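Hi everyone, thanks for making the time. I'd like to walk you through one model today, so please have a look at the screen first.

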Amino acid sequence: MTPEQTPDGSAVPQDHTEPDPIKAVPLRHPGQWIAGIVIVVAAVLFIYGAATNEAYRWDTYGKYLFEERILSGVGYTLALTVLAMIIGVVLGVIVAVMRMSPNKVLSVTAWVYLWVFRGTPVFVQLVLWGLVGSLYKVINIGVPFGPTFVQIDIQALSLKYVFFLAVIGLALNEAAYMAEIVRAGISSVGEGQTEASVALGMSWWQTMRRTVLPQAMRVIIPPTGNEVISMLKTTSLVLAVPFSLELYGRSRDISGVNFQPIPMLLVASTWYLVVTSILMVGQHYLEKHYRKGASRQLSDGQLEALAAANRTVVEEGK
């Protein structure tokens, strides 16, 4: 490339000085500041109003926040959540596999299961589970139209094991939603991944464990975490079974005695918020773990390893 010339043929002197750095001026958003101030003022006014409103009965709230019956209710709520989610996840995986099976009988059976349990309210399902002793008083196990080997008194069991009826009702409903979550996660992994694993000689289980599931977990974990949190709150509906030893049932029983429902509802809400917050933290770290390799942004550990590798190459070059 030739330098620029003047009409008389002489070269134009080149200016090699660097241009002044650009001074970026951030764009102002006065509307955002105004909205933020309005929200903060409204929040402060609400907190002050709630703190000075005698209808909240904060003395009763403090009295029952760590009361033994409330803490026992928290324990039952956690037990219902954990057991229902474990059964729901296992059964959901089975239903998802049946739904994706080429066998029409399995596929249609899974579809009917999803149609029933996703199409009816969980409260109605729990009421029916509470009435299972009226629907099936006795179950006879033996030869059809022949001798009976075992007879189970369902009506007596339903009255004695109400907790397990509540777990079953929650788990069967949750399985329908987990089945769709698992199916979506497995479907998100390309078929080429499975074909490559098979070409390497992996079995079906090895392919699922080493190739499909690690990639599918990035899709499965976030909605599963949401389902756990939702299940924690759904346990308040087991009064329909009826089972009233969980958190909301305990607070309702206490309010029926002291005639102060507002502070007892605040007590229950506080514990729901505490447990939900802990679950949200756990969900965050699980998502972070299974998100490795999905983002182009290097983690701190990867950056340190890359820097160490660069230092090694430079030292060897010297």
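I'll start with the overall picture, then go through some helix packing, and finish with a few individual residues.

Two bits of housekeeping. This is a predicted model, so bear in mind that local features need pLDDT of at least 70 and side-chain atom pairs count only at pLDDT 80 or more, while totals for chains, interfaces and linings use all residues. Residues are numbered from 1 along each chain as its sequence is written, and side-chain values use heavy atoms, with hydrogens and water left out.

Okay, the overview. The chain has 13 helices and 2 strands. Those come from DSSP runs, H or I of at least four residues for helices and E of at least two for strands, numbered from the N terminus. Of the 318 residues, 28% are buried. Buried means under 20% relative accessible area, exposed means over 50%, and partly exposed is in between, using a 1.4 Å probe and protein chains only. As for contacts, meaning heavy atoms within 4.5 Å, take those between residues at least 6 apart in sequence: 69% of them join residues at least 24 apart.

Now the packing. Two packed helices are described by the angle between their axes and the distance between the axes. The axes here are lines fitted to C-alpha atoms, for helices over the stretch in contact, and the angles run from 0 to 180 degrees between N-to-C directions.

Let's take H4, residues 104–119, against H8, residues 162–187. Their axes come within 9 Å and cross at roughly 120°. That makes H4 oblique to H8; under 35 degrees would be roughly parallel, over 145 roughly antiparallel, 65 to 115 roughly perpendicular, and the rest is oblique. The H4–H8 crossing is left-handed, which is the label when the near helix is turned anticlockwise from the far one by less than a right angle; clockwise is right-handed. On the H4 side you have Tyr 113, Leu 114, Phe 117 and Arg 118, and they meet Leu 172, Asn 173, Ala 175, Ala 176, Tyr 177, Ala 179 and Glu 180 of H8. By class, that contact has 8 nonpolar, 1 polar and 2 charged residues. For the classes, Ala, Val, Leu, Ile, Met, Phe, Trp, Tyr, Cys and Pro are nonpolar, Asp, Glu, Lys and Arg are charged, and the others, Gly among them, are polar.

H8 also packs with H5: those axes come within 9 Å and cross at roughly 145°, and the crossing is right-handed. From H5, Val 122, Gln 125, Leu 126 and Trp 129 meet Leu 165, Ala 166, Ile 168, Gly 169, Leu 170, Leu 172 and Asn 173 in H8. That contact has 8 nonpolar and 3 polar residues, with no charged ones.

H10 has another partner, H3, residues 68–100: the two pack at about 135° with axes 9 Å apart. H3 is therefore oblique to H10, and this crossing is right-handed. Thr 77, Leu 78, Thr 81, Ala 84 and Met 85 of H3 touch Glu 227, Val 228, Met 231 and Leu 232 of H10.

Pro 242 sits in the loop between H10 and H11, which spans 247–258, and the peptide bond from Val 241 to Pro 242 is cis, with omega near 10°.

Then there's Arg 57, a non-glycine with a positive phi of about 55°, in the loop between H1 (30–52) and H2 (58–64). Arg 57 is partly exposed, at 39% relative accessibility. Phe 259 isn't a glycine either, and has a positive phi of about 55°. Phe 259 lies in the loop between H11 and H12, 261–290, and is exposed at 70%.

Last one: Met 264, in H12. Buried or exposed? Buried, at 1% relative accessibility. Leaving out residues up to four places away in sequence, Met 264 touches Tyr 64, Ile 70, Ser 251, Ile 254, Ser 255 and Asn 258.

That's my tour, thanks.
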